[in-house]
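Today I am opening my notebook on a new structure. I will jot down what I look up, one topic at a time.

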Amino acid sequence: MEGGRGGKRWRFATPNLAVAAAGERSIQRYLLQLHACLDEHGPRPVIPLSHGDPSSSACFRTAPEAEEAVAAAVRSGDYNGYSSPATSLPARRAVAEYLSCDLPYKLCTDDIFLTSGGTQAIEIVMSVFGQPGANILLPKPGYPKHEAHAVFHRMEVRLYDLVPERGWEINVEAVEALADENTVAIVITNPNNPCGNVYTYEHLSKIADTASKLGLLVIADEVYGHLVYGSTPFVPMGVFGETVPVLTLGAISKRWVVDSLRSFQNLTTGPATFIQVESFSSHRVHRAHMRRLAAACSNGAVSIFFGPNIHGAIPHIMKNTNDEFFRKTLELLKETAEICFGEIKEIKCITCPHKPEGSFFMMVKLDISQLSDICDDIDFCSKLVKEESVVLLPGRALGMENWLRITFALDPPRLKQGLERVKSFCRRHQSRANMLNISASAKVEPHFGMSKS
């Protein structure tokens with residue numbers, strides 16, 4: 001970098017290309033662009049249908065048991081120091097017991113690694129497998145941070161398709177075609193963000209068999225685990241831990257609606273039979289390596305006060321939260337999913353290929369040909385936020401051009417209001433397109449109606 005005082009060249013200014021490439025895969029980048037289009041002093045309040053934090057709506061407030069657990073941990077004074085094996089052991093034991101309830105085997109505390117947020121969990125996993133020449137299979141559409149951290153650690157990303165016509169199932173045949181001897185893992189997300197689907201036991205079994213055949217680790221992103229309200233029950237990928245090695249990314253933030261409490265994220269490894277392997281060349285998880293790496297990253301990222309106190313709250317949160325809290329959360333999500341799906345069906349230029357059954361997102365297809373003065377999904381979202389003060393996430397942020405991701409984890413009246421604004425916007429731009437089509441037809445009609453004499 002030339003310039004500055006006396007034309008001095010600063011050595012630190014050489015760009016890190018890996019960081020730049022990872023930065024391109026960011027939801028935040030797109031949301032910042034959209035908010036720049038927003039009239040902050042407009043007459044109507046902004047309705048965010050783009051973010052994944054339901055706690056912004058009062059009806060999705062966290063369980064009182066969670067609030068009290070955090071407060072009690074702070075008041076105790078027992079967790080004001082750095083995180084240590086002594087302070088994290090009860091939390092890891094609680095997570096192991098909680099997850100073991102859904103598995104055909106028991107997890108132990110050594111199978112659980114606590115991280116400061118899901119992003120750090122992804123970072124740890126990708127740093128472990130980021131070897132020269134390695135590639136990883138990621139879903140399309142998918143969560144951008146998986147790709148961002150894979151790219152940052154210089155792995156080749158190979159995207160496999162989720163098929164909307166089949167309820168966003170994984171195209172297993174495509175997975176087999178993409179994998180080679182340098183493929184280290186496949187990432188699956190269930191329940192799914194951004195599609196809202198939940199995989200059946202049979203489909204997960206097929207994925208496990210395929211990964212076993214290819215010699216791949218399955219990285220299961222189950223941050224939205226148990227947030228299901230359709231006909232398909234949630235089945236953790238760890239159920240198939242005897243078939244294929246599974247590393248699960250879990251969280252307390254979504255099911256308990258506490259997105260700010262990021263120390264609750266965890267990494268879960270599978271049965272010991274698949275962990276205790278001598279080298280990475282077999283594409284299995286080396287427990288000692290993961291433990292050292294997780295410990296190093298966690299101690300460096302968790303603050304003195306916030307992190308350990310959250311660890312101290314985990315056992316109480318998991319033990320004491322009333323089932324009624326979970327039931328009401330799922331009932332509300334089912335209601336808002338029904339509202340969103342029903343309202344979208346009334347918009348001609350937007351279609352939803354699959355009614356959501358889990359998480360609190362849906363992916364919808366945008367038909368640009370029916371709209372005037374709009375060229376793609378980013379243009380649609382930019383003009384929508386400017387004209388209607390409603391924020392949607394353009395599909396391009398998730399690798400899907402001319403698609404949109406809608407979040408429906410809002411209180412029902414505000415969700416309906418936001419979708420009414422989307423409908424009004426689409427009608428307005430559809431009518432312009434129709435007028436242009438009618439005008440164009442009127443201009444050419446005399447030509448085709450004239451007879452030669």
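Which residues in helix H6 (residues 144-152) are buried? I kept in mind that I was reading a predicted model. My list for H6 is Pro144, His146, Ala148, His149, Ala150 and Val151. After H6 I came to Arg154, and I noted that its phi is positive, near 60°.

**Entry: a lysine in a loop**

Next I looked up Lys254, because UniProt, in an unreviewed entry, lists it for "modified residue: N6-(pyridoxal phosphate)lysine". I found Lys254 in the loop between strand E8 (246-250) and strand E9 (266-269). Is Lys254 buried or exposed? Its relative accessibility is 9%, and buried means under 20%, so I wrote down "buried".

Then I checked what touches Lys254. Leaving aside neighbours within four places in sequence, I found contacts with Gly52, Val223, Tyr224, Leu227, Asp259 and Phe360. For Gly52 I also noted a distance: its backbone oxygen lies 2.8 Å from a polar side-chain atom of Lys254.

**Entry: a sheet and its helix**

I then traced an open sheet of 4 strands, in the order E10-E11-E14-E13, with antiparallel pairing. Strand E10 (350-351) and strand E13 (393-394) are at the edges; each has a single partner strand, so one side of each is left without a neighbour in the sheet. E13 and strand E14 (residues 403-407) run antiparallel and are joined by 2 bridges. Here I spotted Leu393 opposite Arg405 in E14.

Which helix packs on this sheet? I found helix H12 (residues 323-344), which touches E10, strand E11 (361-366) and E14. The direction of H12 makes about 5° with that of E11.

Note on methods. Residues are numbered from 1 along each chain as its sequence is written. This is a predicted model: local features need pLDDT of at least 70, side-chain atom pairs count only at pLDDT 80 or more; totals for chains, interfaces and linings use all residues. Side-chain values use heavy atoms; hydrogens and water are left out. Buried means under 20% relative accessible area, exposed over 50%, partly exposed in between (1.4 Å probe, protein chains only). Contact means heavy atoms within 4.5 Å. A polar contact is a pair of N or O atoms within 3.5 Å; within protein, one must be able to donate a hydrogen and the other to accept it, and residues adjacent in sequence count only if both atoms are side-chain atoms. Two strands pair if DSSP finds at least two bridges between them. Axes are lines fitted to C-alpha atoms, for helices over the stretch in contact, and angles run from 0 to 180 degrees between N-to-C directions.
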